[in-house]
Amino acid sequence: MRLAYVHLPRFPVQRRVLEAPALAGQPFVLVEEVRGQRRVAFASTAALKAGVRPGSTLTAASALVAGLSHFPHAFAAEAAALLSLGEALLVLAPAFQLDAPEGLWLDASAAGLCGGEETWAARVVEACAAQGWRARVVVADEAFTARALARFGVRRAEVVPSGEGGRALAPLPLSALEGAETGRLEALRALGLATLGEVAALPATAVVARGGAEALRAHRMARGEEPSRFVPTPLPEVLEEVLSLDWPAESLEPVLFGLKTLVDRLCARLSGRRRAAVRLTLAFRLEPSGEAQVALSLARPTAQAKLLLDLARHRLEGLTLERPVVGLRARMDEDCADPGQQLVLGDGPAGDAALEVVLSRLATTLGEEALFAAGVEGVHRPEAAVRPRAFRPPARPEGLLAELGGETAEKTREVEAALAERPARLLPQPAPLEVALGVGGELAGARVEGRWRRASGLAGPERLGGEWWRGGGFSRDYYRVHLEGLGLAWVYRDGRDGRFYLQGLFD
Amino acid sequence: MGAAAERTEGTAEVLEQLRERIRKLQAAPRAYLATLRTGVAPFDALLPGRGLPLGSAVELCGEAASGRTSLALRAVAAAHRERRLCAYVDGPGQLYPPAAAAMGVDLERLLIVRPREVKQLVWTAVQLARSGAFACVVLDLTQTGARLALAEGKKLADAAFRGGSLLLLLTAPEAPGDGMLRVRTQAQGLSGLRVEVVRSRQGGMGAGALVPWEALYPALAAARGHVAAGMHPRELLGGGDQGFQRVRTSVERNGCGVMGGRPGRDRALPSLGAALGLGARH
């Protein structure tokens, strides 16, 4: 099995800069609590240049750099961010294994589908860069070789040919043996060894005799023969992204900026899972407490960050928050499989954006319940035969699919024959009808819209009945009546009270 | 070497074929939907472009059951055949989707909007038409008490033009719209409905035609033909005494049986004695 290691140097620092671009180039550190002392876990490049080192106390670091900014290092949050990146990379690899806080392994067995391992590695670097991450990628036979070369190598993307792990590792310093015990490294240094190549050159029997199993492990690592253990990280069930703003935002722009980061990550994760957003909730944490939520529902499921962001921007423009926003959260409430979209040459999915924006605008003004698509129910009571449902039109086949005939892609919808005899308009409630009956008891005229109208023709009855098993059943004899000056009306005689009712118009 | 050269030649040939295919695809005229034909020939023939032109607003004005909705739904069905989206702004809340489905409307591609307030109807239609996401937008203003002002009519026409959509306005004769092509529909008893262009800037004003009911509701054709053959309108209120005839097309769809009862439960089953030669039992 071929493995790749994606190393993201000082990932927590990169993340902090991505979320607050003002920190770029500034000296700052991330601190953690170690035995009651605040110690530096990660330092920015500017802080490192000033002499700050990970492990030093915050007091010592602050003494080196005047006005050093410091932020808490939250391991769980960093791991979650790394997990998001791993999910986003699932577009290129079938599985990943986290190695928090600075890297992850990828299953590179599918690299052949991307034009070879070199191309694949370059694409992984590009995918990371697209999200703002600086990464180094190494593909090798086993996990240690890939990790050590990614962490201590210099190339952005590197492929170690199969069986040449030892040769590739040879120039690396002894500190690359991160899995080995510290004492063991010291022992190796005491022997005058400086590189992994020198360790690998030692005879295995002598290494075992002097250092035991642990030394043998270090020896095998240096030779690139450490057995790989790749355990794919399970994907979380809930897709959620959280972002804390450093300063309370009182205007739309900083909120939108944060939202872009959030939506970008969410969409990248969706793409990795081959899913598309159907419904998502944006939550805004307010200062000092409270939360405002905005639900976005899409007619055309999508994983395009730009479209979602446009939609969110539109919804936020009409939103008034009484307090500043200090945090954002985006949660996917419903998603579906994303089959992708084949576009026509030179075409773009602009129509989908227009659709989503207008639906969003209408939903904001009229309410979600005012917009719907109709579903036909298999019941006989006419007024109960319609059920509103969410408007999710099927995508329009384009490109080659349209050329070949979109009909093949869509199932043929069959309509029950009886529906062809139904009127185009159905009154919200059947209206009692004042009628005149002929000698034979047939309907001869009716009073509609305030005046008597002659029945010039009549067809029927069509008996509809049922629901007696539930109580409150119905039995109706329906007639199609030509009323002069009006047109064709759908009238029924109720079996319960014998009265006539107007229920629809064949308009 | 020979095999390799052959392979290279084959690849080059395939590539050239693919290039040629792409050139053809790019050069081929895009399927461009300019008009929506309802499929009701007499009606389509009246209109300037032999159909309802996209990018314009057309008013269908008529009585309550004069065929306006059916014509509009047939235009929607025409758009759905091209797999385009349509919207129906249902002011009175009377659209019956099962009937629309029977006319060829794809309910998955039809957005129904029912605003709570009458004043939101026109605004909604303007938004939908202007977006360009819908090929046809139907605005039903009947029985809402709303009367379209000239400015609103122009706004609707402008939105349809900008969005390249067809905007169909359904109105009643007592509250007609303004500022767009108007087609008057009028039921003509059993024979059908009369459609007439009563307002047009593109010409054809005054042109009219009779559309038989069968053209709008083909499923009713059999019964209708039978009725028309033997039916004489009764002089109901004028005191006439001509016999009124009707067609009995009794259909029992489900549920209750004879006389609304459940045979064997609400009513006794008819005796089979006579059929079995056992004689009547009393």
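Modeller: Of the 507 residues of chain A, 49% count as buried. The model is a predicted one. Chain A contains 14 helices and 21 strands. Among its contacts with a separation of 6 or more, 59% are between residues 24 or more positions apart.

The part to look at is an open sheet in chain A, made of 3 strands in the order 3-2-4, with mixed pairing. Its edges are strand 3 (37-43) and strand 4 (69-72) of chain A, each of which pairs on one side only. On average, and with direction ignored, neighbouring strands of the sheet are turned by 45° against each other. Strand 2 of chain A, residues 28-34, pairs with strand 4 of chain A in the parallel sense, over 4 bridges. Within this region, Val31(A) has Pro72(A) of strand 4 of chain A opposite it. A helix belongs to the picture as well: helix 1 of chain A, residues 11-19, lies across strand 2, strand 3 and strand 4 of chain A. The direction of helix 1 of chain A is at about 125° to that of strand 2 of chain A.

Elsewhere in chain A, Gly165(A) is a residue of helix 7, which spans residues 165-169. Gly165(A) has a relative accessible area of 11%, which is under the 20% limit, so this glycine counts as buried. Leaving out residues up to four places away in sequence, Gly165(A) touches Thr145(A), Val160(A), Arg223(A) and Gly224(A). Between the C-alpha atoms of Gly165(A) and Ala140(A) the distance is 6.9 Å, and 25 residues separate the two in sequence.

The crossing of helix 5 of chain B past helix 6 of chain B is left-handed. On the side of helix 5 of chain B, the residues in contact are Val122(B), Ala125(B), Val126(B), Ala129(B) and Arg130(B). In helix 6 of chain B they meet Glu152(B), Lys155(B), Leu156(B), Ala159(B), Ala160(B) and Gly163(B). Sorted by class, this contact between helix 5 and helix 6 of chain B has 7 nonpolar, 1 polar and 3 charged residues.

Terms used. Residues are numbered from 1 along each chain as its sequence is written. Chains are lettered from A and ligands numbered from 1 in the order in which they are written. This is a predicted model: local features need pLDDT of at least 70, side-chain atom pairs count only at pLDDT 80 or more; totals for chains, interfaces and linings use all residues. Side-chain values use heavy atoms; hydrogens and water are left out. Helices (H or I, at least four residues) and strands (E, at least two) are DSSP runs, numbered from the N terminus. Buried means under 20% relative accessible area, exposed over 50%, partly exposed in between (1.4 Å probe, protein chains only). Contact means heavy atoms within 4.5 Å. A crossing is left-handed if the near helix is turned anticlockwise from the far one by less than a right angle, and right-handed if clockwise. Ala, Val, Leu, Ile, Met, Phe, Trp, Tyr, Cys and Pro count as nonpolar, Asp, Glu, Lys and Arg as charged, and the others, Gly among them, as polar. Two strands pair if DSSP finds at least two bridges between them. Axes are lines fitted to C-alpha atoms, for helices over the stretch in contact, and angles run from 0 to 180 degrees between N-to-C directions.
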